[in-house]
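Good morning, colleagues. I would ask you to keep the sequence and the model in view while I speak.

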Amino acid sequence: RHHCVEGWSAVAAWHGVRLSDVAALVGADPDAGFVEFRSFDAGYWSSWDRASAFHPQTILAYGMNGDALGPGHGAPLRLYSATKLGYKMVKYLTEVSFLPAPTGGYWEDQGYEWFAGV
């Protein structure tokens, strides 16, 4: 279920790889307490705490409802987790960085809640 801060929600079957598995493969710093996600969408980004980013439901999604992810849903790759509000799920993902401190985010820097858990 995808929850929007505006009050609507939608159900979809997302397909991808767990961020925690990718982090293990690339040797992400185990002391980095935060993860930053950047998009090629005009300066859009968000940062998460490590526990949320490594939650089993947090994935780098490349498919939805049995099909390849389309541009309207963030293709070729987007961040998805059922544990966060929609503005935390960065579309058109270009960069994932493991950092010692949170860096805010596009909406977070405009006053939206940083944690944004569901």
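First, the conventions. This is a predicted model, in which local features need pLDDT of at least 70 and side-chain atom pairs count only at pLDDT 80 or more, while totals for chains, interfaces and linings use all residues. Residues are numbered from 1 along each chain as its sequence is written, and side-chain values use heavy atoms, with hydrogens and water left out.

Let me begin with strands 4 and 5. Strands here are DSSP runs of E with at least two residues, numbered from the N terminus. Two strands are said to pair if DSSP finds at least two bridges between them. Strand 4, residues 34–39, pairs with strand 5 in the antiparallel sense, over five bridges. The two strands form a hairpin with five residues between them, and in the turn Ala-42 has a positive phi of about 40°. Within this pairing, Phe-34 stands opposite Asp-49 of strand 5.

How many residues of strand 5 are buried? In strand 5, residues 45–49, five of five residues are buried; the term means under 20% relative accessible area, with exposed being over 50% and partly exposed in between, for a 1.4 Å probe and protein chains only. On one side these are Trp-45, Ser-47 and Asp-49, and on the other Ser-46 and Trp-48, so both faces are covered.

I turn to the charged side chains. Side chains of opposite charge can pair when their charged atoms come close. The rule for a salt bridge is a side-chain nitrogen of Lys or Arg within 4 Å of a carboxyl oxygen of Asp or Glu. By that rule the count is three.

One of them joins Arg-38 and Glu-36, at 3.0 Å from N to O. Arg-38 is partly exposed at 28% relative accessibility, whereas Glu-36 is buried at 7%.

Another is formed by Asp-49 and Lys-84, whose closest N and O atoms are 3.8 Å apart. This pair links distant parts of the chain, 35 residues apart: Asp-49 belongs to strand 5, and Lys-84 to the loop between strand 8 (78–80) and strand 9. Asp-49 is buried at 15% relative accessibility, and Lys-84 is buried at 1%.

Glu-108 and Lys-88 also meet in a salt bridge, at 2.8 Å from N to O. Glu-108 is in the segment after strand 9 and Lys-88 in the loop between strands 8 and 9, so the pair ties together parts that are 20 residues apart in sequence. Both ends are buried: Glu-108 has a relative accessible area of 10%, and Lys-88 has one of 0%.

Two of these lysines also face rings. A charge sits over a ring if NZ of Lys or CZ of Arg is within 6 Å of the ring centre and within 35 degrees of the ring normal. The charged end of Lys-84 sits over the ring of Trp-48, 5.4 Å from its centre. Lys-88 lies over the face of Trp-114, at 4.9 Å from the ring centre.

What of the rings themselves? Rings of Phe, Tyr and Trp (its six-membered ring) pair if their centres lie within 6.5 Å; planes under 30 degrees apart count as stacked, over 60 as edge-to-face and the rest as tilted. The structure holds nine aromatic pairs. Among them, Phe-37 and Trp-48 are edge-to-face, at 5.6 Å centre to centre and 70° between the planes. Phe-37 is in strand 4 and Trp-48 in strand 5, so this pair ties together parts eleven residues apart in sequence. Phe-37 and Trp-48 are both buried. Phe-40 and Tyr-92 form a tilted pair, at 5.3 Å and 40°. Phe-40 is exposed at 55%, while Tyr-92 is buried at 18%. Ring pairs also link Tyr-44, Tyr-87, Tyr-106, Trp-107 and Tyr-112 into a cluster.

Finally, two further residues. Gly-105, in the segment after strand 9, is buried at 0% relative accessibility. Leaving aside neighbours within four places in sequence, Gly-105 is in contact (heavy atoms within 4.5 Å) with Trp-45 and Ser-46. Ser-97 lies in strand 9, residues 93–99, and is buried at 15%.

Terms used: Helices (H or I, at least four residues) and strands (E, at least two) are DSSP runs, numbered from the N terminus.
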